[in-house]
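Thanks for coming. I will go through one structure today, starting with the whole chain and ending on a single residue.

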Amino acid sequence: MKNDENDVIGKIYETALSPGDWVELLDTIAGWTDAPEPELAASVATQALAQPGTVPQRREEVEALVNHLERAVRSSSYMHALEDRTSVLNSMYNQMPWPMLMLGDNLVVLESNPVANQVLVDSPVSLQGRELIFQDRELKKSLQQVNRLAEGRGPQLLTSPEAGISLLCLPVRKSDAPGPISLVRTIVWVLDGHSVVTPSPELLRSLFSITEAESRLLHLLCKIGNLQQCAQLLNIKISTARSQLKSIMAKLNTNSQVQLVSHAMGHALAQVARLPRKTDDDEEYTVTLPDGRVLSWYEYGDPKGKPVITLENQGASMPDHTLFEQWYREKGLRIVMVVRPGYGISTYKANFQFRDFGKDILFLCKHLNIHKPALAAYCGGGPYALCAAVMYPDSFSCLGLLGTTLAGEHFDENKLEPIHRMCVQISRRDPRLFMLIGKLGVRGVQKAPEKFYKMLARGLSKPDQAFFANPDYLARTIRRTRRSHFQGARVMMEEYLNHLRPLGADPSQIRLPVLQWHGESDGIVSIDSARALAAEIPDVRFRSFPEHGHFMIYDLWKDFLNELLGL
C-alpha cells in the first residue's frame, strides 16, 4: 500500500509540471480510491470521511492525499497565474499613452500604469489609493454596469460631456488562477475628451453594414450629437435624418441615439487602436435579474418565429446553433439559448442547484414577451429543464430531452465511459479530491484542448469517437468552450458535483408532453439509466438510437425539434 501511495504522490507532482497529463493522474487516483476496504461498505466509508475518528487510517490517507494535491495546485497555480497575467497584458494595446486601470469588483483599482498615477490627480476621474473618485455620478453608474458585464463582453466607450472625459472599457476573461489576476474584471483607459477622434464615414461604413448617406449622418452624430444640427450640415430635412437614424439603429441593434453613438465610437476606437476583438456570428444579450445578477442568452433564427427555449450541455460547449441558423429561419423558429450562471457572462452564483434556474428562465420569457415556449435541453441542460417543467408546468408547452445527463439517483457507475467513471468514483470518495484534480486539469485543457478531447474519445463508443474525429465539430466545440468559460471553469466542476446529488424535483409530477431521445451507445449516461428516468415521467415519448452515442446533437437535432414541436 505504501508503494501505491508513493506512486500516486509522484504522479501528483508530475501533473503539476505537465497539466496536459491530468487524465493519467485521474486514472492513478481512481485506482487508489478503488482499493478494497473489506471492513467498510461504501456508505459507511463516506460517513467516516465526515466523522473524524471513525476509520482513522483510511481518513488519514485521504487527508494526506488532499494535502499533496493542494501543494501541487499551489505550484501549478503560480505558473498558471504567470500565463494568465501574460494573456491579460497581451489583450491590451501595448504602450498606449493614456492612463490605464485594471478594475476588480466594486470598481476597486487592482493595478494602474505609471501614466495613471501621474495624470489622475485633480481630474474628473481621480485615483486615490485603490479608489476612483468621479465628478460625474452618471459616468460612475455606467462604468459599474460595464464592470458587472450588464452591457456585454465587448469594448464600451463611456463619455461624460459634463466632465470632458471618456472611458474605453474592455471586460476581460476571468482567470481561474489564484491571486490578484483572478480578480480583474475590466481594463479601462481614461481618455481626455479631446483625445477621442471621431470615426470617419469611411471607417463607419467598413465596420457596419450601413449606406454612404447613413455613414455621413452617424459620423456627425458622433462628432456633435444633435440631430437637428446634423440635418442642417448635411442639407437634408429633419424627417430624412430621423428616417436614416431609425435605419442605422435597427442595423446596429441599438435602442437609443446615445447607445448608438457609444456603440459606434467604441467599435471604431477599438478598430483604430487595434485592440484584439473576437468576431462571432452570434451575439450574447443580457438582462439584469431582480437580485442584481446578469443573465445572458443567444438568439437564432426568425425573431418573430415560434419560440423554443434551449439549454446547452455540461460545460456549455454544444450545440453551436450557428450551424442551424438557416434551417431555423426556414422553419420559422426563434431559438433562445439561455446561459446558465457562471457560463458566458451570466453572473456566477454559489451553490446554484438544478431547481434554481427555472425562475431565471421565466423572468427572461417575460422580458422577451415569450408565452409558453417549448423547452428543449441537451446533455447537462436536462436536469435544469426537468426541474423547470416540474415547478412551472403552466409556463411551457412541452419538454424535450436529448441525451440528457441525470442526477445522482439514476447514475450507474459501472456503465460509464472511463473518464466519467473515474470522476464519479473520486467525487464519491471525497469531493475535495475531484475539485483539486479539476484545478490541475483546467490548465491542461486550456493549454491543449485537442489533446484532452483525444484522450476523452479513447474510452467512448465508435459513434462518439467519430464525432471528435470530425475536425469541424471539434473546432466548434473548442471555440464554444472558450467562449463559455469567460468567467473561468470553476462552475463546470461545481455543476458536475451537482449531478451526484438528488435532482431536487420529482419527474413523476411533470404534466407536460415530454420527448426523450437517447443513444444506446452513450457512455456518459447509460441507456438503462435513461430508460429508468423515462419510466418515471407520465406523458413521455421515449426513443433510443442503436447507432448513436452521447454526442448525437448535430446528427439528430433537426429531427428532434420537428418531433418535439409536433407533440
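The chain you see has 22 helices and 15 strands. Please keep in mind that this is a predicted model. There are 567 residues in the chain, and 54% of them count as buried. As for the surface, the chain exposes about 25700 Å², and 49% of that is supplied by carbon and sulfur atoms.

Next, the contacts. If we take contacts between residues at least 6 apart in sequence, 72% join residues at least 24 apart.

How many residues does the largest nonpolar core have? It has 114 residues, and L399 and L561 are those with the most contacts inside it. Leaving out residues up to four places away in sequence, L561 touches V308, W327, Y328, L333, I335 and A376. There is also a second, separate core, with 34 residues. Among its members are W98, A231, L245 and L260.

You will find A264 in helix 11, which covers residues 257–273. Is A264 buried or exposed? The relative accessibility of A264 is 0%, and buried means under 20%, so A264 counts as buried.

What does A264 touch, not counting residues up to four places away in sequence? The list is L204, F208, L218 and C222. There is also a distance to T198, which lies 66 residues from A264 along the chain. The C-alpha atoms of A264 and T198 are separated by 9.8 Å.

That is the end of my part.

Conventions:
Residues are numbered from 1 along each chain as its sequence is written. This is a predicted model: local features need pLDDT of at least 70, side-chain atom pairs count only at pLDDT 80 or more; totals for chains, interfaces and linings use all residues. Side-chain values use heavy atoms; hydrogens and water are left out. A nonpolar core is a set of buried Ala, Val, Leu, Ile, Met, Phe, Trp, Tyr and Cys residues joined through side-chain atoms within 4.5 Å. Buried means under 20% relative accessible area, exposed over 50%, partly exposed in between (1.4 Å probe, protein chains only). Contact means heavy atoms within 4.5 Å. Helices (H or I, at least four residues) and strands (E, at least two) are DSSP runs, numbered from the N terminus. Accessible areas come from the Shrake-Rupley method with a 1.4 Å probe; for residues, only the protein chains shown count as cover.
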